[in-house]
Amino acid sequence: MWQGVYEELKDRGLVVITVALDMDAEAARPWIEAARPSHPSLVDPRHVVADLFNMVNVPTVVWIDERGRIARPNDVAFGTDTFRHITGIEAARHLGLLRAWVRGETAALGEADTRARLSLPTPADQQARAEFGLGQWLFAHGRRDAAAAHFVRAGELAPHDFTIRRGSMPMRGVDPMGPEFRAMLGDWTKAGHRYYVPLED
Amino acid sequence: MSDTFTLIVEGPPVEKPARWAELEPLAARLERPLATDPDERAAFLGVSARTRAARLASLEAPDFTLPDLAGQPHSLAEHRGLKVFLVAYGSW
């Protein structure tokens, strides 16, 4: 999916950078190797990028312009329409907007609109990320039982953060498609898809 | 009694305190989030919401360096001069 976007637009000055918020390189490897990317495909077990950009779900897309400025902030834009019935987001429309921006046919959102669309973290979000980071370090050093307590605490602090609650499931030995995820999804839906920002018309 | 412990730091580096008991006062002084595991003698010092929010609100994309599958590091800043489509995903 993303390799196709890259091949289509790289000669127009776009680079695609994918970041796997997976528990280690080996978890990400099958996905990356299947994609056969010729763009940077990075691994981020500690979720540094999620922290920097306040990402709470995947896939999340950020557009950055040639000057290194955020041109479009967090967008939960699924690469395929697999989860469209959950999020209602149209990936095809997003890619249409991307093409128009890259080709210079449209400007990106202006600075005021970009700022208005930013989602900014709270102190609880950052405390959750610190708990997640500690859990991830403990997990990576073989202290899995100790890690689990911090993942749970992180999830309590940031209950709608899928990158924390679902992202820690492989490290907690929990099925990411099982009842805990379904309950989380139910809560998210009842909260009105809190992190879903509709594309502009 | 030995006071060895591990401090993992995300964001601006700090001088590691000599004693475990100094961690919480340090984090409070710096106004940064701190997660601790006294049994495992490990702690994680994160970055405050204020710092993260200020950077995002400036619209300057924060830089990062992460490895690819071969372990080669790549930075966002390497691509200055190009438009970047940054996608975060997970296999979960």
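1. In the hairpin formed by strand 2 and strand 3 of chain B, 4 residues lie between the strands, and B:Arg41 takes a positive phi near 55°. Strands (E, at least two residues) and helices (H or I, at least four) are DSSP runs, numbered from the N terminus. The model is predicted: local features need pLDDT of at least 70, side-chain atom pairs count only at pLDDT 80 or more, and totals for chains, interfaces and linings use all residues. Residues are numbered from 1 along each chain as its sequence is written, while chains are lettered from A and ligands numbered from 1 in the order in which they are written.

2. Strand 2 and strand 3 of chain B run antiparallel and are joined by 4 bridges; two strands pair if DSSP finds at least two bridges between them. B:Asp37 has B:Ala42 of strand 3 as its bridge partner.

3. Strand 3 of chain B also pairs with strand 1 (residues 6-9) of chain B, in the parallel sense, over 4 bridges. Here B:Val9 stands opposite B:Leu45.

4. Strand 3 of chain B is covered on both faces, with B:Ala42 and B:Phe44 buried on one side and B:Ala43 and B:Leu45 buried on the other. Buried means that 20 or more other C-beta atoms, placed from the backbone, lie within 10 Å of the residue's own. In a regular strand, side chains alternate between the two faces of the sheet.

5. Contact with chain A involves 44 residues of chain B and 71 of chain A, counted where C-beta atoms, placed from the backbone, lie within 7 Å. Strand 6 of chain B gives the largest share of chain B's side, 7 residues.

6. Strand 6 of chain B runs parallel to strand 1 (residues 14-20) of chain A, joined by 7 bridges. A:Thr18 has B:Val87 as its bridge partner there.

Conventions
Two residues are in contact if their C-beta atoms, placed from the backbone, lie within 7 Å. A residue is buried if 20 or more other C-beta atoms lie within 10 Å of its own, exposed if 12 or fewer, and partly exposed in between; C-beta atoms are placed from the backbone.
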